[in-house]
Amino acid sequence: MISTESLSKKYGDKFVLREVSASLPENKITAFIGCNGAGKSTMLNIISRLIPASEGCAFVDGKKVSEWDSRKLAQNLAILGQNSHNSARISVEDLVAFGRFPHSGGSLAERDFEMVERALKMTGIEDLRGRFIDELSGGQRQMAHIAMSIAQDTKYILLDEPLNNLDMSRSVKIMKLLRKLAREESKTILIVIHDINFVSFYADYIVALKDGRVKYEGSSEAVMKSEILSDIYGMRIEIEEYKGKKICVYYQ
Amino acid sequence: MLAPFLQILILAACSFCSLFVGVADISPLDLFSLSGEQSGIFFVGRLPRLCSILVAGSSLAVAGLIMQRIMQNKFVSPTTAGTMQWCKLGVVIAVVCLPGASPILRVGAACAVSLLGTFLFLAIVNKVRGQSAVLVPLIGIMLGSVVDAGATFFAYKFDIIQNMASWLQGNFSLVIAGKYELLYLSVPLMFLAYFYADYFTIAGMGKGTALSLGLNHAAIVNAGLLIVALVSSASVVGVGNIPFVGLIVPNVLAIFKGDGVKNILWDCAWLGALLVLICDIAGRLIIFPYEIPIGVILSVAGAAVFLVLIRSGRRYA
């Protein structure tokens, strides 16, 4: 399980995350929502040890993140940060294979190749395998990076704005894939996401941040309310029902 | 790319030519009945020269490749980051402070100084990170020139300027048996680089990626810079400053085969050796029976490729 205990992060005097205590459900998709600068990415980055906390700590399986052996943690937790994107000139296949690095240490075994194949297939980018990622479109590159995180085959998958650059059909494909991973393979998935209609359709649990604090937290059903979302985003957001699902209307 | 068999064949053919080019006339047939003088030239001059070319060329190309990955910049290399100049300064310091210092001590001093220099360079580059990729090698070249001037000044002050001329300009004609063997230090380093090739590729994908895969980015960068400093120092002490090999070779290969260190390391070593070998043969033939130092030829060729790379930089860098 992933949890945090009065987690704070400040740059200079400015808090970007303020005493956040949360424990996130297992085998579910948890979405972090909030305005730009609300602290969503910061929280994800601290949980995945990409940046250190100023105060408090994050726990993965009951153990402080800072006490985890980095490689061991990489076998249990994959993070695709917003800035992890690189445009090195390596092939898609090689990139996805690097996802196996924490397990293989560089020399790929039979099982590693299987996992790479599987990740390529799941994300539907088998036909791109030989292409260099610096020659791909932004969306294709994003898919390759997601495939890399999936190939890492970890219990926890953390994705910071995975739908960036993706068209609607790819976005839906990725969200369905994540839901499948959570349901069928008992993965715990944490995503930062801006399109709240995707949240409404696919997320099981929502953590809503505002000004560095967790303002609302709960099941998708409980948080997807007009007054809550309007408060979080500081704008009027109405909710309409469509075939039993909630659609947010915020285009004014 | 060519099949490994073909690569070795081409390199072997050029090596063969190299052995029989020179003022003293030795033909392949003479090998079976070498006179005393001929055998001296062959085993003290020609053969060591060939070996030093192969080792220096391949190891500098590999060093450039590693440096480009760990600094995430296509334009850095031992030449354009000033590493070679720092090495020279190190040698001057060693010669001045410890007269009669053994070659191994000179390599040590060169390595220590160039490590310090490269870290200084890295610190400066980190301050300007996010700016144009072209700025990085320009900073390196400027810093290198300043250091070079400093080294020359000290050499002048302590009257070893003539000594230093050979380090200023790489020259294989000074290589003779017994004076270059330290260069072989680079061979195990190349194997080490191959062994850790994936680590360098991952470091080249950024701090975040390295960390998310459970690797210590800083440790990889430090290890890589140590390899680069050792290779450069061994080369400067053994044969002098061989410029631009580490810049041209990995970049040309990356266009065809990508950035994966493991995928191109062998090609890199091969092409580096071949490039230096061909430039060396050319240098010996252009104004035969005199010689143009390899440093001059490579500077001309390297600068041209460097300009082309910078101009097309947006596409591949």
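## Close-up views of the predicted model

**View 1. Helix 2 of chain B crosses helix 7 of chain B with a left-handed sense.** The model shown here, as in every view, is predicted. Helix 2 spans residues 36–70 of chain B, and helix 7 spans residues 186–195 of chain B. Their axes come within 10 Å. The crossing angle is roughly 35°.

**View 2. Side by side: the residues that join helix 2 of chain B to helix 7 of chain B.** Helix 2 contributes Val55(B), Ser58(B), Ser59(B), Val62(B) and Ile66(B). Helix 7 meets them with Ser186(B), Val187(B), Leu189(B), Met190(B) and Ala193(B). By class, the residues of this contact are seven nonpolar, three polar and no charged.

**View 3. Chain B as a whole is built on helices, with zero strands.** There are 14 helices in chain B. Its radius of gyration is 19 Å, close to the 20 Å that the globule rule gives for 317 residues, so chain B is as compact as a globular protein of that length. Along the principal axes, the C-alpha atoms fill a box of roughly 65 × 50 × 35 Å. Buried residues make up 49% of the 317 in chain B. Of the contacts with a separation of 6 or more, 79% link residues 24 or more positions apart.

**View 4. Val96(A) sits in the largest nonpolar core.** This core holds 167 residues. Val96(A) and Ala147(A) touch the most other members.

Definitions and conventions
Residues are numbered from 1 along each chain as its sequence is written. Chains are lettered from A and ligands numbered from 1 in the order in which they are written. This is a predicted model: local features need pLDDT of at least 70, side-chain atom pairs count only at pLDDT 80 or more; totals for chains, interfaces and linings use all residues. Helices (H or I, at least four residues) and strands (E, at least two) are DSSP runs, numbered from the N terminus. The radius of gyration is taken over C-alpha atoms; the globule rule is 2.2 Å times the number of residues to the power 0.38. A residue is buried if 20 or more other C-beta atoms lie within 10 Å of its own, exposed if 12 or fewer, and partly exposed in between; C-beta atoms are placed from the backbone. Two residues are in contact if their C-beta atoms, placed from the backbone, lie within 7 Å. A nonpolar core is a set of buried Ala, Val, Leu, Ile, Met, Phe, Trp, Tyr and Cys residues joined through C-beta atoms within 7 Å. Axes are lines fitted to C-alpha atoms, for helices over the stretch in contact, and angles run from 0 to 180 degrees between N-to-C directions. A crossing is left-handed if the near helix is turned anticlockwise from the far one by less than a right angle, and right-handed if clockwise. Ala, Val, Leu, Ile, Met, Phe, Trp, Tyr, Cys and Pro count as nonpolar, Asp, Glu, Lys and Arg as charged, and the others, Gly among them, as polar.
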